[in-house]
Amino acid sequence: MTSSPDHSPYSSPYNGEGPRIGVVLSHGFTGSPHGLRTWAQAFAAAGFAVRMPLLPGHGTSWQELARTTWQQWHGALDDAYLELDAESDYVFSAGLSMGGALALRIAATRPVAGVVLVNPGLMIDDPRAPLAGILKLVMKSTPAIANDILKEGMDEGAYNRTPVAAAHELNKMFKDTVRILPRVTAPVQVYRSTVDHVVSDSSIVALRRGLTHAPLELVRLENSYHVATLDNDAEQIFAGSVDFIRGVVSAAGPASASAALSGQEASHEQA
């Protein structure tokens, strides 16, 4: 028996030793922080500062989501990034599905130290996607693909309907994110389920092609579907992403942390 989904945002302060590390997390389309809460808690247990906002239109009703834009989703995550950046030496962006695309947008527009993605979405294979701008005028919603989880008894708490207007926004955001992928220079770690009924390999192909200036590490998940943060390989994701972040910071060295801190102080003085 599962408990009611907790859609509330998640925030945790830095409580580790050494360089101050922050992680900004994004949930997926029609989902909420509920699907990533245990992952966020794993980062907090590692001593990292964590911010995971509830994106506009999510955690309420699909009708409300239909009234939002992708710029609002990005803006909420960007605000969380800026909050972390003000108190951290290193900030990493991370996300699941659409949240992966948003995490990549942060990496393309802000000086993140690294990126961690779980089954990131960048392409919509549905042939109706290019027509969503027209279809939204005559079709308000479609059945959602939710709870793509192999592990029994798990519920990500997503909407049971997908608003067509929001799907149109998602498609626009994906296209624009693919366009700016070459701007990403920080190392990227991707956890990819071998079976995923929501995001196809076309998104991974787009990611490989777009990351022309960033190292990419792909980790295969053999025992999970799309919402892998709630699935059988969740612990692998949690431990592996913490190790990845610590490895990036360790490789950067103390001099880099000092430079980052000096840059933040100079920025604050200018502000």
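This is a predicted model: local features need pLDDT of at least 70, side-chain atom pairs count only at pLDDT 80 or more; totals for chains, interfaces and linings use all residues.
Strand S1 (residues 10-12) and S3 are antiparallel and are joined by three bridges.

I then went through the side chains of S3 (residues 49-52). Ala49 and Arg51 lie on one side, Val50 and Met52 on the other, and all are buried, so both faces of the strand are covered.

From S3 I moved to S2. These two strands pair in the parallel sense, over three bridges. I noted two residue pairs: Gly22 has Ala49 as its bridge partner in S3, and Val24 has Arg51.

I followed the chain between them. S2, helix H1 (residues 37-45) and S3 form a β-α-β unit, and I recorded its hand as right-handed.

Strand S4 (residues 90-96) runs parallel to S2, with six bridges joining them. Gly22 turns up again here, standing opposite Val91 in S4.

Last, I checked burial along S2. Ile21, Val23 and Leu25 point one way, Gly22, Val24 and Ser26 point the other way, and all are buried. Because six of the six residues of S2 (residues 21-26) are buried, I wrote the strand down as largely enclosed by the rest of the structure.

Technical notes: Residues are numbered from 1 along each chain as its sequence is written. Side-chain values use heavy atoms; hydrogens and water are left out. Buried means under 20% relative accessible area, exposed over 50%, partly exposed in between (1.4 Å probe, protein chains only). Helices (H or I, at least four residues) and strands (E, at least two) are DSSP runs, numbered from the N terminus. Two strands pair if DSSP finds at least two bridges between them. A crossover is right-handed if, with the strands pointing away from the viewer, the path from the first strand over the helix to the second runs clockwise.
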